[in-house]
Amino acid sequence: MSLSIRRARADDRDAIAAFTVDTFSWGDYVADEFAGWLDEPGTAMHVATDDRDVPVALGRATMLSPTEVWFHAARVRPDRRGRGIAGDLALTLMDWARDTGALVGRLLIEDWNEAAARHVAKIGFRPVAAFTLGVRAVGDASPVPAGNGGKRAPARLRARPAGSAEAEPAYSSWSVGPLGRASRGLFGVRWAFRRLSTSDLTEAAKHDTLWEIGAGWAVATRGDSGLEVPWIETRPEDAGDLVRALIDLGSSVGVESIRVWLPTTDWLVREARREGFEIHPMTVHMREL
Ligand SMILES: CC(C)(COP(=O)(O)OP(=O)(O)OC[C@H]1O[C@@H](n2cnc3c(N)ncnc32)[C@H](O)[C@@H]1OP(=O)(O)O)[C@@H](O)C(=O)NCCC(=O)NCCS
């Protein structure tokens, strides 16, 4: 059966919704996001269609900076998987990204998703950095932490808002430290990873989302789904205190949950586990364009 690739259109939504109801154990979000994605500047969304022009696969690319593109939302109808369709779509999106100025492309895959890892390896991506998403309820819904007899050690440190002058030392500390190395200079904004620069931390400070925590820092934003922590800087000896201070910050701003993106290092993931975070290991893959 012949397939074509073209830009997605508004009237593709129902066909895409029909094969993305239960992509993952928790469902899928692409049908809900589809209409909004169509109009976003700096993005491309393509579909592979069958000989009746009905979509059987979807893929999307978003420019995160003038030279960095992020690929996501790869979906292939279950009965069409295993034929390289996601790869064909990705190659088309890569052409678009190159024409738009991208020099490097990246994407994120949860470590359990072997099919996705195999798909991207075949089109030239390689794993570059491991991140762990830690998720934890706070406040009344707080879990009992593992170890330490179920008692949570009191936080020795307190998060306090950091001004713009903190951006430079925070960035310098991170870029030469174990977390900057483990993350290969990347940080994640809403599941999309690009290079961090000092100006990202300056911006965070301006928006009151950069926090100083003892000898470390964090970017933490109160969002719809709780406290989002896309970036932290700490050292092994302070990591437990920093994690506990973040949990307290979540409680004090009244959210029900906290989500922290941790560059995967044994010591940091261990502290997060100890403080009752659910752990979701993931890997950023990249390729030059
Ligand atoms: C990941 C996904 C987009 C890959 O698309 P695809 O067009 O099937 O990709 P490929 O044909 O290159 O196959 C990739 C791997 O899928 C697996 N696979 C093969 N046939 C399959 C089938 N019928 N059903 C499921 N997986 C299959 C194989 O491991 C294959 O690797 P191999 O070719 O080295 O054996 C597709 O499986 C999918 O839609 N999955 C659900 C959504 C998802 O996980 N998206 C990625 C999020 S990061």
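Predicted model: local features only at pLDDT ≥ 70, side-chain atom pairs only at ≥ 80, totals over all residues.
## The shell around the ligand

Residues are numbered from 1 along each chain as its sequence is written, and side-chain values use heavy atoms, with hydrogens and water left out.

The ligand is surrounded by 18 residues, and the closest are G82, G84, N113, R118 and K122. By type, the shell holds eight nonpolar, five polar and five charged residues.

## Contacts with the ligand

R118 places a polar side-chain atom 2.7 Å from an oxygen atom of the ligand. A polar backbone atom of A86 is 3.0 Å from an oxygen atom of the ligand, and for I85 a backbone N or O atom lies 3.3 Å from one.

On its own the ligand has 900 Å² of accessible area, of which the protein covers 71% (Shrake-Rupley method, 1.4 Å probe). Two or more shell residues come from each of strand 4 (68–76), helix 3 (85–99) and helix 4 (114–122). Helices (H or I, at least four residues) and strands (E, at least two) are DSSP runs, numbered from the N terminus.

## Residue R244

R244 sits in helix 8, which spans residues 239–252. R244 counts as buried because its relative accessibility is 12%, and buried means under 20% relative accessible area (1.4 Å probe, protein chains only).

The side chains of R244 and D241 make a polar contact at 3.2 Å. Such a contact is a pair of N or O atoms within 3.5 Å; within protein, one must be able to donate a hydrogen and the other to accept it, and residues adjacent in sequence count only if both atoms are side-chain atoms.

Notes
Buried < 20%, exposed > 50% of the residue type's maximum accessible area, 1.4 Å probe, protein only. Near = heavy atom within 4 Å. Nonpolar A, V, L, I, M, F, W, Y, C, P; charged D, E, K, R; others polar.
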